[in-house]
Amino acid sequence: MTDLLERLSELSTTVIAVACGAHLLVFWALAVWSGGSLRKLASTLDAFTRGLKHRSVVGSTKALPDQINAFLADVGDVLDAPAGDPAAAADRAALRERIATLDESRGYLPGLSFEAAANSARTMVEAYPLLGVLGTILAIGASLQGGADGGDVTVGAIVGQFGNAIWSTFAGLAAAILLMFVASLLEARFTRLMELRKDVRAAVARAKRELALSAASPAPSDEAAPATNGARRAATGAGLSGEGA
């Protein structure tokens with residue numbers, strides 16, 4: 001038992017260092033993932049708004065969140081435009097056609113996997129100080145275990161494991177500080193991506209709802225209006241003739 005505890009206490013620092021390196025790779029993968037998601041969102045909204053007459057001209061050098069916000073503003077302008085504006089009606093028809101064509105891919109919907117992975121990566125940073133404390137406890141337990149085998153626990157035995165205990169605690173604290181710094185750098189980027197996903201979902205849901213309503217209740221055409229007025233006048237004249245009789 002003593003040999004096992006000593007072996008675990010000696011490996012605790014190495015395990016923490018390896019886990020910290022793997023954690024850094026996870027943060028790097030999440031950063032790459034978030035960049036790809038932003039590009040996918042921007043391309044999806046670009047396809048949604050392509051063909052609109054009044055469309056924001058956003059250069060490719062602009063930041064992806066700025067491009068996405070410009071596309072969202074274009075969609076909002078189309079939906080908020082006056083109903084009697086011919087240009088607005090053309091933009092509504094174009095946007096309705098684009099949504100009907102591109103909404104099948106639902107490229108703006110995936111996001112739960114990324115959010116779960118990002119939250120798990122941030123939460124697991126708090127485990128490193130605990131791992132350091134666990135390594136310290138193992139080192140102390142290995143030094144005290146000698147007395148359980150019938151021998152006396154000497155100061156030398158305790159001091160012999162003191163180095164493993166100190167290095168384990170140091171590795172846990174150092175890894176936590178490093179990963180907290182990296183997480184703070186990426187926090188704004190991850191949060192921004194999640195907020196943009198929510199905004200895009202809300203904008204697309206609103207566009208689908210309002211454009212479907214406008215398509216279901218079209219305004220009467222100019223040719224149908226005179227015919228309707230003529231029918232009303234004929235009915236009114238017939239009524240007056242009946243009263244005169």
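Ala117 lies in helix α4, which spans residues 112-123. Helices here are DSSP runs of H or I with at least four residues, strands are runs of E with at least two, and both are numbered from the N terminus. The model is predicted: local features need pLDDT of at least 70, side-chain atom pairs count only at pLDDT 80 or more, and totals for chains, interfaces and linings use all residues. Residues are numbered from 1 along each chain as its sequence is written, and side-chain values use heavy atoms, with hydrogens and water left out.

Ala117 is partly exposed, with a relative accessible area of 27%. Under 20% counts as buried, over 50% as exposed, and in between as partly exposed (1.4 Å probe, protein chains only). Ala117 touches Leu30 and Trp33, not counting residues up to four places away in sequence. Contact means heavy atoms within 4.5 Å. The C-alpha atom of Ala117 is separated by 9.6 Å from that of Phe27, and the two residues are 90 apart along the chain.

Trp33 also belongs to an aromatic cluster, together with Phe114 and Phe190. A pair of aromatic rings is described by the distance of the centres and the angle of the planes. Rings of Phe, Tyr and Trp (its six-membered ring) pair if their centres lie within 6.5 Å; planes under 30 degrees apart are stacked, over 60 edge-to-face, and the rest tilted. A search of the whole structure finds 3 aromatic pairs. In one of them, Phe114 and Phe190 have ring centres 5.3 Å apart and planes at 90 degrees, so the pair is edge-to-face. Phe114 lies in helix α4 and Phe190 in helix α6, so the pair ties together parts that are 76 residues apart in sequence. Phe114 and Phe190 are buried. Trp167 and Phe170 form another edge-to-face pair, with centres 5.7 Å apart and planes at 85 degrees. Both residues lie in helix α6, 3 residues apart, about one turn of the helix. Trp167 and Phe170 are both exposed.

Ser34 is found in helix α1, residues 2-49. Ser34 is buried, with a relative accessible area of 0%. A polar atom of its side chain lies 2.7 Å from the backbone oxygen of Ala31. Leaving aside neighbours within four places in sequence, Ser34 is in contact with Phe114, Arg189, Phe190 and Leu193.

The structure holds 1 cavity of 30 Å³ or more. On a 1 Å grid over the protein atoms alone, a cavity is a set of points where a 1.4 Å probe fits but cannot get out; lining residues have an atom within 4 Å of a point. Grid points are joined across faces, edges and corners, and a volume is the space filled by probe spheres set on the points. The largest cavity contains about 50 Å³ of space. Its lining consists of Leu45, Phe48, Leu72, Val75, Leu95, Ile99, Ala203, Val204 and Ala207. Elements giving two or more residues to this lining are α1, α2 (64-80), α3 (86-102) and α6 (155-216). The largest share, 3 residues, comes from α6. The lining has 9 nonpolar residues, no polar and no charged. Ala, Val, Leu, Ile, Met, Phe, Trp, Tyr, Cys and Pro count as nonpolar, Asp, Glu, Lys and Arg as charged, and the others, Gly among them, as polar.

Overall, the protein has 7 helices and 0 strands. Of its 245 residues, 32% count as buried. Among contacts between residues at least 6 apart in sequence, 86% join residues at least 24 apart.

Notes
Polar contact = N/O pair within 3.5 Å; in protein donor to acceptor, adjacent residues only side chain to side chain. 1 Å grid on protein atoms, 1.4 Å probe; cavity = no way out; pocket = protein on both sides within 12 Å on 5 of 7 lines; lining within 4 Å.
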